[in-house]
2 protein chains.
Amino acid sequence: MPHLHDLNPRVSVDNVILGFDDENLNVLLIGRSLSDGRTDDVLALPGDLIFENENLEMAAERVLFELTGLTDLFLQQAGAFGDPNRLAKPKDREWLKTVRQEPDVRVITIAFFSLVNMNDYTPQPASFARSVQWVPIQDVGDLAFDHNRILTTCLKRLRETIAIKPVGFNLLPVKFTLGQLHRLYEAILDKPLDKRNFRRKIQKLDILTHLDEKQEGVPHKPSSFYKFNEIKYQKLVETGFDNFGF
Amino acid sequence: MPHLHDLNPRVSVDNVILGFDDENLNVLLIGRSLSDGRTDDVLALPGDLIFENENLEMAAERVLFELTGLTDLFLQQAGAFGDPNRLAKPKDREWLKTVRQEPDVRVITIAFFSLVNMNDYTPQPASFARSVQWVPIQDVGDLAFDHNRILTTCLKRLRETIAIKPVGFNLLPVKFTLGQLHRLYEAILDKPLDKRNFRRKIQKLDILTHLDEKQEGVPHKPSSFYKFNEIKYQKLVETGFDNFGF
DNA sequence: TCTTGGTAGTGTATATTTGACACTAAGATT
DNA sequence: AATCTTAGTGTCAAATATACACTACCAAGA
């Protein structure tokens with residue numbers, strides 16, 4: 001029986017790290033390790049308890065860094081999840097027992113999502129993970145805890161956010177083609193977008209710089225490269241604009 | 001010096017309760033009571049630590065109920081606030097010392113906002129409050145802790161939300177006039193909206209039911225009453241629509 | 001070297017939506 | 001009767017959204 005003060009909840013962050021492979025949105029999931037060396041077959045979102053002198057964003061950045069080695073990534077809070085029984089599924093409790101001193105204590109988690117360019121690095125299993133893998137979001141099965149719900153919420157928030165800010169650029173290389181951007185928007189919004197209308201709309205925003213460079217070695221007409229123009233975007237934000245909606 | 005496990009953060013909810021008085025948006029603030037009977041002069045958002053077997057929404061509903069006596073109100077999470085020093089202002093620490101066994105423990109709070117019809121009730125000072133008052137949002141001064149930041153975030157989220165869902169109806173009586181609705185949108189968005197364009201747009205959504213009833217005793221042309229039509233709204237959501245934006 | 005397969009890139013016509021704008025109607029008060 | 005106040009209404013022009021089909025360019029293989 002825990003002491004009274006042990007009934008205070010713990011607080012963690014969980015991070016929905018999204019990447020784009022030029023076709024699908026992928027989410028970075030970890031495989032849990034058991035204390036006896038075996039690997040659990042349930043995948044989970046990466047996350048960790050927050051440290052004592054860390055704010056929520058710092059905790060999320062730490063998780064992200066341990067997994068990807070990257071810093072300064074796009075990161076946005078998506079909400080808190082705190083149902084008392086969110087850790088109560090039998091498999092989850094079994095796993096918690098093997099890794100924690102306090103398997104029964106309540107944990108409230110703050111969910112973040114971040115957007116990364118999948119080609120920038122290869123994920124490393126971190127201290128809290130046995131394995132790491134990119135999983136296309138349409139192939140994500142049952143996750144640990146309430147992580148399916150968290151993932152769904154984050155994807156919804158991403159769709160809302162991308163209608164207001166061009167955050168999608170974080171999922172692409174610095175140089176990208178309009179075709180890539182088009183496929184990215186279709187993947188995020190999960191619906192087809194007319195090619196000509198998409199190109200017209202994105203170009204009218206005037207936040208892209210056309211580079212004097214084309215694809216090479218592709219078995220079709222080579223596409224021009226563009227890059228996102230932060231300065232023009234900032235000006236656009238200041239003068240006020242309403243929508244990036246598609 | 002606290003024990004090690006006491007370093008675990010506590011978790012609270014804070015609630016931005018918004019009301020509309022036919023002119024301004026108002027927020028419900030509490031005055032803190034000191035243990036010696038005096039009243040602190042700093043206003044705060046109502047909130048409380050979450051109970052052991054309560055989820056986050058339940059905790060927010062409880063705070064709301066204790067203050068207003070109302071249930072089943074519109075309530076939406078706006079995010080978590082967890083800076084380690086969010087309780088560290090001198091006045092706040094002084095107050096914490098008079099009311100808590102643990103003045104120095106870290107508290108992470110989950111912010112909610114709710115929308116209520118101001119005429120439905122009169123707020124009651126609850127267990128955690130010395131006084132309760134409606135304050136027009138433009139008159140809100142320095143609040144306790146990081147509550148100004150929380151309020152700002154919640155108002156921003158309200159503006160985003162009302163562009164997607166007609167949540168504003170929760171701030172009005174069941175029967176209302178288009179003029180009231182118009183003033184409400186202007187108050188929330190903090191900008192003037194053309195009367196004719198507003199009416200056209202809101203009516204085209206076809207989610208209002210025109211009642212066979214008019215204002216009485218008003219010293220001007222009486223206005224028709226309308227009510228929000230939940231059924232039509234649900235149909236609209238199902239068939240898909242994009243924007244309530246103004 | 002010619003054919004094939006695959007993606008890049010472009011314009012127009014129509015329908016819909018937005019934004020600006022000014023007067024009459026109805027009731028209460030004096 | 002005059003005055004005050006809010007309710008309620010229509011039109012035009014500009015901007016935006018939608019639907020839609022063909023040519024250009026490159027690589028690879030026949």
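# Reading a predicted two-chain model

Reader: What conventions apply here?

Author: This is a predicted model, in which local features need pLDDT of at least 70 and side-chain atom pairs count only at pLDDT 80 or more, while totals for chains, interfaces and linings use all residues. Residues are numbered from 1 along each chain as its sequence is written, chains are lettered from A and ligands numbered from 1 in the order in which they are written, and side-chain values use heavy atoms, with hydrogens and water left out.

Reader: How many helices and strands are there in chain A?

Author: Helices (H or I, at least four residues) and strands (E, at least two) are DSSP runs, numbered from the N terminus. Chain A has six helices and nine strands. Its C-alpha atoms fill a box of roughly 65 × 40 × 30 Å along the principal axes.

Reader: What share of the residues in chain A is buried?

Author: Buried means under 20% relative accessible area, exposed over 50%, and partly exposed in between (1.4 Å probe, protein chains only). The areas come from the Shrake-Rupley method, and for residues only the protein chains shown count as cover. Of the 246 residues in chain A, 50% are buried. One buried case is A:Ile30, with a relative accessible area of 5%, in strand S2 (residues 25-33) of chain A. A:Ile30 and A:Leu43 are 13 residues apart in sequence and 5.6 Å apart in space, C-alpha to C-alpha. In chain B, B:Tyr233 is found in helix H6 (residues 230-239) and counts as buried at 9% relative accessibility. Between B:Tyr233 and B:Lys165 there are 9.3 Å in space, C-alpha to C-alpha, and 68 residues in sequence.

Reader: How many salt bridges are there over all chains?

Author: Side chains of opposite charge can pair when their charged atoms come close. The rule asks for a side-chain nitrogen of Lys or Arg within 4 Å of a carboxyl oxygen of Asp or Glu. By this rule there are 28 salt bridges over all chains.

Reader: Which parts of chain A does the pair A:Asp83 and A:Arg149 tie together?

Author: Their side chains meet in a salt bridge at 3.7 Å, N to O. A:Asp83 lies in the loop between strand S5 (74-81) and helix H2 (90-99) and A:Arg149 in helix H3 (residues 147-162), so the pair ties together parts of chain A that are 66 residues apart in sequence. Both ends are partly exposed: A:Asp83 has a relative accessible area of 25%, and A:Arg149 one of 45%.

Reader: Where do the partners of the salt bridge B:Glu160 to B:Arg157 lie?

Author: The closest N and O atoms of that pair are 3.8 Å apart. B:Glu160 and B:Arg157 are three residues apart in helix H3 (residues 147-162) of chain B, so about one helical turn separates them. B:Glu160 is partly exposed at 31% relative accessibility, whereas B:Arg157 is buried at 14%.

Reader: Which residues gather in the patch of positive charge?

Author: Lys and Arg count as positive and Asp and Glu as negative, while His and the chain ends are not counted. A patch takes residues with over 30% relative accessible area and no salt bridge, joining like charges within 9 Å and nonpolar side chains (Val, Leu, Ile, Met, Phe, Trp, Tyr) within 5 Å. A charge is placed at NZ of Lys, CZ of Arg, CG of Asp or CD of Glu. Here A:Lys195, A:Arg196, A:Arg199, A:Lys214 and A:Lys221 gather on the surface. Helix H5 (residues 195-204) of chain A gives the most, with three residues. A:Lys221 lies in the loop between strand S8 (208-214) and strand S9 (224-228) of chain A and counts as exposed at 73% relative accessibility.

Reader: Which residue other than glycine has a phi near 50°?

Author: Most residues other than glycine have a negative phi, and most peptide bonds are trans. B:Phe145 has a positive phi near 50°. B:Phe145 sits in the loop between strand S7 (131-136) and H3 of chain B, and is buried at 12% relative accessibility. A:Asp72 has a positive phi of about 55°. A:Asp72 is in the loop between helix H1 (56-68) and S5 of chain A, and counts as exposed at 76% relative accessibility.

Methods
Areas by Shrake-Rupley, 256 points an atom, 1.4 Å probe, with all protein chains shown as cover.
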